[in-house]
Amino acid sequence: MTNSTSFTAHDAGTAAPPARAQWLALFARATRDELDDAIARCPDAPDFVWLRAPQTGLVLVQGRVGGSGDRFNLGETTVTRCTLRQRDGVVGTGYVLGRDAERAVRVARLDALMQMPQHHATIAVGPLVAISQRLAATAAQNDADTAASRVEFFTMVREA
């Protein structure tokens, strides 16, 4: 399994900023400590009001036959979501797997802060790169663990 939402310091310095979907995907998979570190880098973050307070529900998860074939319904999973609007009008949305409302709030805060030019670079260069690197290292370790347990089967031809 490869990490398709990697983000590097080089990306932060290019003319095209990371896509919102990309940073939301990384924040949704970050730990609380990583999210708190990112928020702490923006001490002048504006206050906010709720557009949608944190709420937990179910979403249908779909899979694909063979990874790229026809879609099928795999099952349901729990998701917590929220939406906020900062006093300056910027809207942030947070979705996380599970029932962790506090993580969803942190993701929404960071989404809104990433849309502000004065906070974007600060978060993108430090915490976002660190989250991406941790996720890539975890994926590489999972790939190595899987490869180590791989069994190669072969068939011997028997002559009668």
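Start by selecting Arg134 and Glu34: their side chains meet in a salt bridge, 2.6 Å from N to O. (A salt bridge here is a side-chain nitrogen of Lys or Arg within 4 Å of a carboxyl oxygen of Asp or Glu.) Arg134 sits in helix H5 (residues 117-148) and Glu34 in helix H3, so this pair ties together parts that are 100 residues apart in sequence. Helices (DSSP runs of H or I, at least four residues) and strands (runs of E, at least two) are numbered from the N terminus.

Is each partner buried or exposed, or something in between? Arg134 is partly exposed at 28% relative accessibility, while Glu34 is buried at 16%. Buried means under 20% relative accessible area, exposed means over 50%, and partly exposed is in between (1.4 Å probe, protein chains only).

Before moving on, a word on what you're looking at. This is a predicted model, where local features need pLDDT of at least 70 and side-chain atom pairs count only at pLDDT 80 or more, while totals for chains, interfaces and linings use all residues. Residues are numbered from 1 along each chain as its sequence is written, and side-chain values use heavy atoms, with hydrogens and water left out.

Next, pick Asp100 and Arg32, another salt bridge, with the closest N and O atoms 2.6 Å apart. Asp100 is in the loop between strand S3 (91-97) and helix H4 (101-114), and Arg32 is in helix H3 (residues 32-40), so the two link parts that are 68 residues apart in sequence. Arg32 is partly exposed, at 35% relative accessible area.

Now try Arg41 and Asp37, where the closest N and O atoms of the salt bridge are 3.6 Å apart. Arg41 is partly exposed at 39%, and Asp37 is partly exposed too, at 37%. Then select Asp36, Glu102 and Arg106 together: salt bridges link them in a network. How many salt bridges does a search of the whole structure find? Six.

**Into the core**

Time to look inside. Select Phe27, Leu110, Leu113, Met114 and Ile123, which have the most contacts inside the largest nonpolar core, a set of 26 residues. (A nonpolar core is a set of buried Ala, Val, Leu, Ile, Met, Phe, Trp, Tyr and Cys residues joined through side-chain atoms within 4.5 Å.) Helix H2 (20-28), H3, strand S2 (71-86), H4 and H5 each supply at least two of its residues, and H4 gives the largest share, eight.

Zoom in on Ile123. Setting aside neighbours within four places in sequence, its contacts (heavy atoms within 4.5 Å) include Phe27, Ala38, Cys42 and Leu128.

**Rings**

Which two residues form the aromatic pair? Select Phe48 and Trp50: their rings are edge-to-face, 5.1 Å centre to centre with 80° between the planes. (Rings of Phe, Tyr and Trp, using its six-membered ring, pair if their centres lie within 6.5 Å; planes under 30 degrees apart count as stacked, over 60 as edge-to-face and the rest as tilted.) Phe48 is partly exposed at 26%, and so is Trp50 at 37%.

**Zoom out**

Finally, show the whole chain as a cartoon. Of the chain's 160 residues, 34% count as buried.
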